[in-house]
Amino acid sequence: MIPLAIVLFLNAAFNAVVWPQFYKRVAKDPRARDVHGTATPFLTVHVVLISIALVLALVSVLLGIAALTGAL
C-alpha cells in the first residue's frame, strides 16, 4: 500500500501547489470581472473547478493516510 500512498500524496501536493497559483492568474484576468467589478461566469467556472481540485487533494491525503495505516 505504500506505492498507493505515495501516488495519492503526490497528487495532493500537485493540486495544492498548482491550483492556487492558477487562481491568482485567473483572478487577474480581465475576463474575471465585468465593468462593475462583479464576477463573471469565467471567474465562477474557474473557482468551481479549482475548488473541486482542492477537495480532491484533501481526499487524496486522507486516502493516502488510510493506505499507510492499513485502513484500506
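Biologist: Hi! How many helices and strands are there in the protein chain?

Modeller: Hello! This is a predicted model, so keep that in mind. The protein chain has two helices and zero strands. Its radius of gyration is 16 Å, well over the 11 Å that the globule rule gives for 72 residues, so the chain is more spread out than a compact globule.

Biologist: What box do the C-alpha atoms fill?

Modeller: Taken along the principal axes, the box is roughly 55 × 15 × 10 Å.

Biologist: Let's go helix by helix. How many residues does α1 have, and what does it reach from end to end?

Modeller: α1 has 27 residues. From its first C-alpha to its last it reaches 40 Å, close to the 39 Å expected at 1.5 Å a residue.

Biologist: Now the inside. Which residues of α1 are buried?

Modeller: They are Ala5, Leu8, Ala12, Asn15 and Val26. The cover over these buried residues includes α2.

Biologist: What about the buried residues of α2, which are they?

Modeller: That list is Leu43, His46, Ile50, Ala53, Ala57, Ser60, Gly64, Ala66 and Ala67. Here the cover includes α1. For the protein chain, buried residues make up 24% of the 72 residues.

Biologist: Can we zoom in? Why does alanine 5 count as buried?

Modeller: Alanine 5 has 1% relative accessibility, and buried means under 20%, so alanine 5 counts as buried. This residue is found in helix α1. Leaving aside neighbours within four places in sequence, alanine 5 is in contact with Gly64, Ala67 and Leu68.

Biologist: What does alanine 12 touch?

Modeller: Not counting residues up to four places away in sequence, alanine 12 touches Ala57, Ser60 and Val61. Alanine 12 is also in helix α1, and at 6% relative accessibility it counts as buried.

Biologist: And proline 3, buried or exposed?

Modeller: Proline 3 is exposed, with a relative accessible area of 58%. Its place is in helix α1 too. Proline 3 and glycine 37 are 34 residues apart in sequence and 47 Å apart in space, C-alpha to C-alpha.

Biologist: Switching topic: how many aromatic pairs are there?

Modeller: The count comes to one aromatic pair. The rings of tryptophan 19 and phenylalanine 22 have centres 5.5 Å apart and planes at 90 degrees, so the pair is edge-to-face.

Biologist: Where do tryptophan 19 and phenylalanine 22 sit in helix α1?

Modeller: They are three residues apart in α1, which spans residues 2-28, and that separates them by about one helical turn. An α-helix has 3.6 residues a turn, so residues three or four places apart point the same way.

Biologist: What does the side chain of histidine 46 reach?

Modeller: The side chain of histidine 46 reaches the backbone oxygen of phenylalanine 42 at 2.7 Å.

Biologist: Last one, the loop between α1 and α2. Is threonine 40 there buried or exposed?

Modeller: Threonine 40 is buried, with a relative accessible area of 13%. It lies in the loop between α1 and α2. Apart from neighbours within four places in sequence, threonine 40 is in contact with Arg31, Ala32, Arg33 and Asp34.

Biologist: Thanks! And how much accessible surface does the protein chain have?

Modeller: It comes to about 5,000 Å², of which 76% belongs to carbon and sulfur atoms.

Conventions. Residues are numbered from 1 along each chain as its sequence is written. This is a predicted model: local features need pLDDT of at least 70, side-chain atom pairs count only at pLDDT 80 or more; totals for chains, interfaces and linings use all residues. Side-chain values use heavy atoms; hydrogens and water are left out. Rings of Phe, Tyr and Trp (its six-membered ring) pair if their centres lie within 6.5 Å; planes under 30 degrees apart count as stacked, over 60 as edge-to-face and the rest as tilted. Helices (H or I, at least four residues) and strands (E, at least two) are DSSP runs, numbered from the N terminus. A polar contact is a pair of N or O atoms within 3.5 Å; within protein, one must be able to donate a hydrogen and the other to accept it, and residues adjacent in sequence count only if both atoms are side-chain atoms. The expected span of a helix is 1.5 Å times one less than its number of residues. Buried means under 20% relative accessible area, exposed over 50%, partly exposed in between (1.4 Å probe, protein chains only). Contact means heavy atoms within 4.5 Å. The radius of gyration is taken over C-alpha atoms; the globule rule is 2.2 Å times the number of residues to the power 0.38. Accessible areas come from the Shrake-Rupley method with a 1.4 Å probe; for residues, only the protein chains shown count as cover.
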